[in-house]
Amino acid sequence: MIDLNQTGGTAFPIKEPLNTDCLGMTLRDYFAAKAMQAYLSDPTCSFADDGLEAASSVAYRVADAMLKARSR
């Protein structure tokens with residue numbers, strides 16, 4: 001079961017899923033992907049492994065902040 005407080009639920013919900021085991025990406029993942037896309041579009045970003053790990057961490061922190069702001 002998806003914890004809506006942690007993930008925001010599904011990013012693209014459908015009214016009646018055909019398979020409830022496959023709900024797709026969470027809203028948290030969607031927000032993180034958008035944050036990562038913005039980060040990687042910066043020509044000064046580092047594509048080294050440690051830079052990408054840091055960017056991934058920041059992307060999920062941004063996503064968590066977006067979910068928190070959304071719940072206010």
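Predicted model: local features only at pLDDT ≥ 70, side-chain atom pairs only at ≥ 80, totals over all residues.
Local features require a pLDDT of at least 70 and side-chain atom pairs count only at pLDDT 80 or more, while totals for chains, interfaces and linings use all residues. Residues are numbered from 1 along each chain as its sequence is written, and side-chain values use heavy atoms, without hydrogens and water.

The protein chain has an average pLDDT of 80 (the predictor's confidence in each residue, from 0 to 100). A score of at least 70 is reached by 78% of the residues. Among the elements, helix H2 (residues 27-40) has the highest mean pLDDT, 91. Helix H1 (residues 4-7) has the lowest, 69. Helices are DSSP runs of H or I, at least four residues, numbered from the N terminus.

Helix H3 covers residues 49-70. Its 22 residues should span 32 Å at 1.5 Å a residue (1.5 Å times one less than the number of residues). The end C-alpha atoms lie 31 Å apart, which agrees. Buried residues of H3 are Gly-51, Ala-55, Ala-59, Ala-63 and Leu-67 (buried, under 20% relative accessible area; exposed, over 50%; partly exposed, in between; 1.4 Å probe, protein chains only). They cover an arc of only 150 degrees around the axis, which puts them on the same side of H3. On the other side, Asp-50, Glu-53, Arg-61 and Lys-68 are exposed. Ala-65, also in H3, is partly exposed at 45%. Its C-alpha atom is separated by 9.8 Å from that of Arg-28, 37 residues apart along the chain.

Phe-47 is in the loop between H2 and H3. This residue is exposed, with a relative accessible area of 55%.

Key
Helix = DSSP H or I, 4+ residues; strand = E, 2+ residues; numbered from the N terminus. Arc of directions from axis to C-beta.
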